[in-house]
Amino acid sequence: MAARPVVSVFGLNGSKLDATVPLPSVFTAPIRPDLVQFVHKNMAKNRRQPYAAKQQAGEETSAESWGTGRAVARIPRVGGGGTHRAGQAAFGNMTRGGRMFAPNKVWRKWHIRTNSNQKRYATASAVAASGVSALVSGRGHRISGIEEVPLVVAAEVESLSKTKEAIALLKALKAYADVAKVSNTRSIRAGRGKMRNRRHRQRRGPLVVFAEDKGISRAFRNLPGVELVDVTRLNLLQLAPGGHLGRFVIWTQPAFEALNKVFGSQTEASVQKKGYTLPIPVITNPDVSRLIGSDEIQAVVRPSGPKNMRRPFAQKKNPLRNTQVLVRLNPYAQVLRRAELLGKNKKTKKYTHKKSASAKFLQILKAD
Amino acid sequence: MNNDGIVWEVLNNQFCSFKVKTDLGNLCRHPYNVTGRCNRRDCPLANSKYATVRERGGRIYLCMKTAERAHIPAKQWEKIELPKNFAQAIEVIDKELIYWPGWMINICKQRLTRITQYLIRMRRLKLKNKTTLVPIKKKLERREKSREIRAEAAARLDQSIEKELLERLKSKAYGDQPLNVNESVWKEILEGDAVEAESDVTTEDELEDEEEYEYEEETAGSSSGRLAREFVADDSDADDSDAEDGDDVEDDMEDFGDMSPSDFSSADDDSASEGEDVNDEDDSDMDDSDESDSAKKPISKGKRPAAPAARPKPAKRTKKHGPRVEVEYETESAARDTMLTNW
């Protein structure tokens, strides 16, 4: 980046203030959807609670197979008598009341460890993606009325304490549509989760990031879908919910300015993450198709061949029998073959057996 | 930062809220998409330089997006209203999108063509006086039909007509020597006048008769809320509500011509006019024969069958001719008033 772009700050009434903040370097971090998805998948597993079948489930019988000769399947059967259960199959995963196949164990590895650097890279990517309006609206946030992306609000917001004020602010920023979307999409979950304390489902609203909580959390926390987070504790699960990049984030000015300390830059180490610098992209302009199509490259590229290559041959021809193919493989063969043919003719024509040596030869031979 | 290639990679491979997967391929629900398809070229999100033609409220706009405004979602699209003249609109597109990719210009023009075509078609259709199809709701139809029948029966038009006519005779509206009147009826009326002149005091019996008569008249012909319920006991819950009663009253009143429910609010004032209206309507229908038989026989118009239960009443009345009875049971309040006065 030659000159760092500058982001305007919005006041409590939604109007643009004179103050501006230079764009933190995080927003220029490479956006890596693959990495974000990988890290998100791992991080999402860290909140799990173990589940398992009862250890002795299906095995609390003394069933034994009846063996052959009784006109029944050889599966172990419950012994005894006087009850329905007697003679019923047991123990198999296919039997009724039997143990399941590979019973779940609580010692399954529920939590996944991810490399710190990967986690930081993913978070940086997610923050960068939140600064791309196309990604934010593609993710489904209603930001068509927003004045600027990333959206930075003045520091006074951190001192808000009434939800009414929070709503007024969101409406002034034209960000309330996203909150309204959340309440409109609140519905009862399909499936058993209904009766497992996961009754309702709703979309996600804006993520409000602050630097210091002077009441802001109390103002915004009751709004449906709105999440609050300290800038020093940015969470990938909130920045890229579901592993999908582009959460709508509302930054307070102090939080926005603090991002440089949190993430540092590609050259300058971060203050919060000791010794960490932002990842350097492998390719500075990732839009490969545009690069290829650019004038600079097209000017030096050789002309392309036919779009559909013709097949070299449909029928393989033996070079030992087909001269053309032979010559294609070995061009000198033509010369040899020609010479051969000529020599043959010559031979037949010119070669004559001599009965005696020539006179000159005899002269030389006899000369002393 | 904002990079078209990355945006496309994310939206195509991860998630795009506008993408719709169908058998015909992926479609795009984004309102600014120029073709409606979801592909690298047509995605309004993955192309920082983009143009569409959109129609809002009959007006056609050329909408353009450039990379310079990529970070301002509120002002991202530059809308230019295209002239109504098609050729001029094409020219405007050519002028605004000069040096833009050729395919984009062509698609915008195609879209403009299609939009103008359908707008023309819409305007033409509007002028066509298209008949609207209204569904027949079986339950509703059945309910209304049966209500009409019941209301007609409850109204006892024939009785009210008879009463009205007799009243008019009595009140000498037709003069001292009316024409086409049954002799016996006329005589009774005259006698009735004489009797009335004699005694103003009404005996108990007469009172009882009156009450009975009144009561029965009311039950028979009244369309007042309370009594109507008894009459229509089989109906659904809807009848119990006031709104439905209002409707009932309206339905009942359909036979009485174009009268709004507001007319019923001041009953006494309008009762006479109502009666007259009723009379006029029925007068035109009825013939001489009907009039002569009005007192004795039940009037059965060709359309509806005579309700047998109600028939004894008129006969009883003519025989036991008590003091002049004023009965108005067309309206709820009127009936009540008369009931109160005659207690």
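Start with Asp94(B). Its relative accessible area is 33%, so Asp94(B) counts as partly exposed. One thing first: this is a predicted model.

What does Asp94(B) pair with? Its salt-bridge partner is Lys109(B), with the closest N and O atoms 2.9 Å apart. Asp94(B) sits in helix α2 of chain B and Lys109(B) in helix α3 of chain B, so this pair ties together parts that are 15 residues apart in sequence.

Stay with helix α2 of chain B. It covers residues 86–96. Which of its residues are buried? Ala89(B), Ile90(B) and Ile93(B) are. They span an arc of only 100 degrees around the axis, which places them on the same side of α2(B). Turn to the other side of α2(B), and you find Glu91(B) and Lys95(B) exposed.

What do the buried residues of α2(B) pack against? Three elements of chain B: β3 (50–56), β4 (59–65) and α3 (102–127).

Now the N-terminal end of α2(B). Asn85(B) caps it. A side-chain oxygen of Asn85(B) lies 2.9 Å from the backbone nitrogen of Ala87(B).

Next, the interface. How much area do chain A and chain B bury between them? About 2100 Å², with 59% of it on carbon and sulfur atoms. Chain A brings 29 residues to the contact, and chain B brings 24 residues.

How many salt bridges run between chain A and chain B? The count is one. Glu147(A) pairs with Lys75(B), and their closest N and O atoms are 3.3 Å apart.

On the chain A side, α1 (33–44) and α3 (133–139) each supply at least two residues. The largest share, six residues, comes from α3(A). By class, that side has 13 nonpolar, 12 polar and four charged residues.

Last topic: salt bridges elsewhere. Over all chains, the whole structure has 14. In chain B, Glu78(B) meets Arg69(B) at 4.0 Å, N to O. Glu78(B) is partly exposed, at 35% relative accessibility.

Then there is Arg143(B) with Glu144(B), where the closest N and O atoms are 3.9 Å apart. Arg143(B) is partly exposed at 27%. Glu144(B) is partly exposed too, at 25%.

Over in chain A, Arg204(A), Glu227(A) and Arg247(A) are linked in a network of salt bridges.

That's my tour. Over to you.

Definitions and conventions
Residues are numbered from 1 along each chain as its sequence is written. Chains are lettered from A and ligands numbered from 1 in the order in which they are written. This is a predicted model: local features need pLDDT of at least 70, side-chain atom pairs count only at pLDDT 80 or more; totals for chains, interfaces and linings use all residues. Side-chain values use heavy atoms; hydrogens and water are left out. Buried means under 20% relative accessible area, exposed over 50%, partly exposed in between (1.4 Å probe, protein chains only). Helices (H or I, at least four residues) and strands (E, at least two) are DSSP runs, numbered from the N terminus. The arc is that of the directions from the helix axis to the C-beta atoms. Contact means heavy atoms within 4.5 Å. A polar contact is a pair of N or O atoms within 3.5 Å; within protein, one must be able to donate a hydrogen and the other to accept it, and residues adjacent in sequence count only if both atoms are side-chain atoms. Buried area is the accessible area (1.4 Å probe) that two parts lose on being put together, summed over both. A salt bridge is a side-chain nitrogen of Lys or Arg within 4 Å of a carboxyl oxygen of Asp or Glu. Ala, Val, Leu, Ile, Met, Phe, Trp, Tyr, Cys and Pro count as nonpolar, Asp, Glu, Lys and Arg as charged, and the others, Gly among them, as polar.
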